[in-house]
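Please find my notes on this model below.

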Amino acid sequence: MPSNDNTPRPDRQELTYIPVPFPKAPPKPPRFAVLRERLREGWNRAWDVDGVLYEMWQAVLRAPEDGPRYMAPWIRAVLMVAGVSFVVLMAKAAGEVVLQALHQILTAVPKVQVGVDTSSGVAAVVDQPVRTYIAQHSAGLAVEGSTVYTLWLLTGIVGLVLGYVSRNNGVRAMWTAWGAATVFMVWTTTPEAGRTVAAGLAVLAWTFLSAFALRGLNLRRRVAYPARPATVTVRPEIHVLVLLPAAPGDHNRTDTVHPFQR
């Protein structure tokens, strides 16, 4: 019976176990190299015959021949956005130039002595109270009283001219508000002894000028008249085109037969 004795004996050779090396995993490519390779593949695929970039480039080349009506929609959208952006930039630049010029004009206005008797005649009845009112109520403003007085004059002139030319309701409303404010300033500033006469003259002057500024204004309500009924003509006879069988030797024969005669 074989023995299971594992004790070493001098007549038995011991086996030496040599460690077996495990296979190493292949090194991973750098992350940016993979990304760069994917981008290159996508770029080449986009420029293929059926690629997106290839189709877009062909649409750009065909745009002069196709014209604005038949060119690609995305090209029209890009052109529209570019045009609108250009118009907005030009309008902004023009607005800044106009505002700067208006600021220079208003600041270069001669120093009007607001609140002082600088006018005479009938016009002084309305002009002097307005100057005095502006001088009393423009002390804490960021602009001077002369600038406010100039703006008041410009508003009246613009409302008068544009109301006569354009007949726009917004301009007419501005003219109406300007006249009411003028009458209020005259009534408030004029001494009590001549307040009524001064306000009356201001109203008369504003009414006279309103004949031009409010030209064509009609306060009557338009009445819509019913439309005239259409005239219908009834004709009882009815003609029907009937094709009769052609007789021998007659290949083109058509007769108009009354339906009740068939």
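1. A word on naming comes before the rest. Helices here are DSSP runs of H or I, at least four residues long, numbered from the N terminus. On that basis Asp127 belongs to helix α4. Keep in mind that this is a predicted model.

2. Start with Asp127. Is this residue buried or exposed? Asp127 counts as buried because its relative accessibility is 11%, and the limit for buried is under 20%. Its side chain has a polar contact with the side chain of Tyr149, at 2.4 Å.

3. Asp127 also has a charged partner. Arg131 forms a salt bridge with Asp127, and the closest N and O atoms are 2.5 Å apart. Both residues sit in helix α4, four residues apart, which is about one turn of the helix. Arg131 and Asp127 are both buried. In general, side chains of opposite charge can pair when their charged atoms come close.

4. How many salt bridges does a search of the whole structure find? The search finds two. Besides the Arg131 and Asp127 bridge, there is one between the side chains of Glu37 and Arg40, at 2.8 Å from N to O. Glu37 and Arg40 lie in helix α1, residues 31–46. They are three residues apart, again about one turn of the helix.

5. Glu37 is partly exposed, with a relative accessible area of 37%. Arg40 is partly exposed too, at 41%. By contrast, both Arg131 and Asp127 are buried.

6. Next, the aromatic side chains. A search of the whole structure finds seven aromatic pairs. One of them joins Tyr133 and Phe184. Its geometry is edge-to-face, with 6.2 Å centre to centre and 80° between the planes. This pair links distant parts of the chain: Tyr133 is in helix α4 (residues 123–137) and Phe184 is in helix α6 (residues 169–189), 51 residues apart.

7. Tyr133 counts as buried because its relative accessibility is 18%, with the cut-off at under 20%. Phe184 is classed as partly exposed because its relative accessible area is 49%, and exposed requires over 50%.

8. Which residues make up the aromatic cluster? Tyr149, Trp152, Trp175 and Trp178 form one cluster. Tyr149 is the residue whose side chain makes the polar contact with the side chain of Asp127. Separately, Arg195 lies over the face of Trp187, 5.5 Å from the ring centre.

9. The surface carries a nonpolar patch. Its members are Trp43, Trp47, Val52, Met56, Trp57, Val60, Leu61, Trp74 and Val78. Together they have about 880 Å² of accessible area. Two elements give two or more residues to the patch: α2 (52–70) and α3 (73–107). Which gives the most? That is α2, with five residues.

10. Trp74 is partly exposed, with a relative accessible area of 35%.

11. Ala177 and Gly156 are 21 residues apart along the chain. Their C-alpha atoms are separated by 9.8 Å.

Note on methods:
Residues are numbered from 1 along each chain as its sequence is written. This is a predicted model: local features need pLDDT of at least 70, side-chain atom pairs count only at pLDDT 80 or more; totals for chains, interfaces and linings use all residues. Side-chain values use heavy atoms; hydrogens and water are left out. Patches are made of residues with over 30% relative accessible area and no salt bridge: like charges are joined within 9 Å, nonpolar side chains (Val, Leu, Ile, Met, Phe, Trp, Tyr) within 5 Å. Accessible areas come from the Shrake-Rupley method with a 1.4 Å probe; for residues, only the protein chains shown count as cover. A salt bridge is a side-chain nitrogen of Lys or Arg within 4 Å of a carboxyl oxygen of Asp or Glu. Buried means under 20% relative accessible area, exposed over 50%, partly exposed in between (1.4 Å probe, protein chains only). Rings of Phe, Tyr and Trp (its six-membered ring) pair if their centres lie within 6.5 Å; planes under 30 degrees apart count as stacked, over 60 as edge-to-face and the rest as tilted. A charge sits over a ring if NZ of Lys or CZ of Arg is within 6 Å of the ring centre and within 35 degrees of the ring normal. A polar contact is a pair of N or O atoms within 3.5 Å; within protein, one must be able to donate a hydrogen and the other to accept it, and residues adjacent in sequence count only if both atoms are side-chain atoms.
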